[in-house]
Amino acid sequence: QVQLVESGGGLVQAGDSLRLSCAASGRTRDIFRMGWFRQAPGKSRDFVVDIDWSNGSTNYADSVKDRFTISKDNAKNTVNLQMNSLKPEDTALYYCAAKTIHKSGFDSWGQGTQVTVSS
């Protein structure tokens, strides 16, 4: 089992930047991929970005491409999400997630950190 703790959320204005962090603990050697998802009020949880824990390959949702950047630090078992040029529609609860080996989907989730972007 992998435990995930997010940090870095907050209230910002449109156009500002914010950096989220996620610290993994537990069976981190089983991590295959890590990612960020977000859920706005009354909406489903959406994919934002993920990164291969070994080779660093990434996938971004079109809505955040060129504005958000994911990075990882394998030694510290952390993954970060740099969010630039934030928009009000980026307002959501952001979740960190991990996909471990032998699993078909993301199977470990953090509690979420709130990001609110005012116009």
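What follows is a short chat about the strands, core and salt bridges of a predicted model.

Q: Which strands make up the open sheet, and in what order?
A: In this predicted model, 4 strands form it in the order β1-β3-β8-β7, with antiparallel pairing.

Q: And which ones stand at the edges?
A: β1 (2-7) and β7 (68-73). Each has a single partner strand, so one side of each lacks a neighbour in the sheet.

Q: How are neighbouring strands turned against each other there?
A: By 20° on average, ignoring direction.

Q: How many bridges join β3 to β8?
A: 6, between residues 18-26 of β3 and residues 78-83 of β8. In that pairing, arginine 19 sits opposite glutamine 82 of β8.

Q: Moving on to β9. Which strands does β9 pair with?
A: β4 (residues 31-39) pairs with β9 over 8 bridges, in the antiparallel sense. β11 (residues 113-118) is joined to β9 by 3 antiparallel bridges, and β10 (residues 108-109) by 2, also antiparallel.

Q: What are the residue partners?
A: Arginine 33 faces lysine 99 in β9. Alanine 92 has valine 115 of β11 as its bridge partner, and alanine 98 stands opposite serine 108 in β10.

Q: Is β9 mostly covered or exposed?
A: Mostly covered; 8 of its 9 residues are buried.

Q: Now the core. Which residues have the most contacts inside the largest one?
A: Met34, Trp36, Leu81, Met83 and Tyr94, in a nonpolar core of 28 residues. Elements giving two or more residues to this core include β4, β8, β9 and β11.

Q: What is tyrosine 94 in contact with?
A: Beyond its neighbours within four places in sequence, its contacts include Trp36, Leu81, Met83 and Val115, and also Glu6 and Arg38.

Q: Switching to charges. How many salt bridges are there?
A: The structure holds 6. One of them links aspartate 52 and arginine 33, at 3.5 Å from N to O. Aspartate 52 is in β5 and arginine 33 in β4, so this pair ties together parts 19 residues apart in sequence.

Q: Are those two buried or exposed?
A: Aspartate 52 counts as buried at 8% relative accessibility, and arginine 33 is buried at 9%.

Q: What about aspartate 62 and lysine 65?
A: They form a salt bridge, with the closest N and O atoms 3.1 Å apart. Aspartate 62 is exposed at 67% relative accessibility, while lysine 65 is partly exposed at 41%.

Q: Which residues are joined into one network?
A: Arg33, Asp50 and Asp52, through salt bridges that share partners.

Conventions: Residues numbered from 1 in each chain as written. Predicted model: local features only at pLDDT ≥ 70, side-chain atom pairs only at ≥ 80, totals over all residues. Heavy atoms only, no water. Pairing = 2+ DSSP bridges. Axes fitted to C-alpha atoms, helices over the stretch in contact; angles between N-to-C directions. Buried < 20%, exposed > 50% of the residue type's maximum accessible area, 1.4 Å probe, protein only. Core = buried A, V, L, I, M, F, W, Y, C linked by side-chain atoms within 4.5 Å. Contact = heavy atoms within 4.5 Å. Salt bridge = Lys/Arg side-chain N within 4 Å of Asp/Glu carboxyl O.
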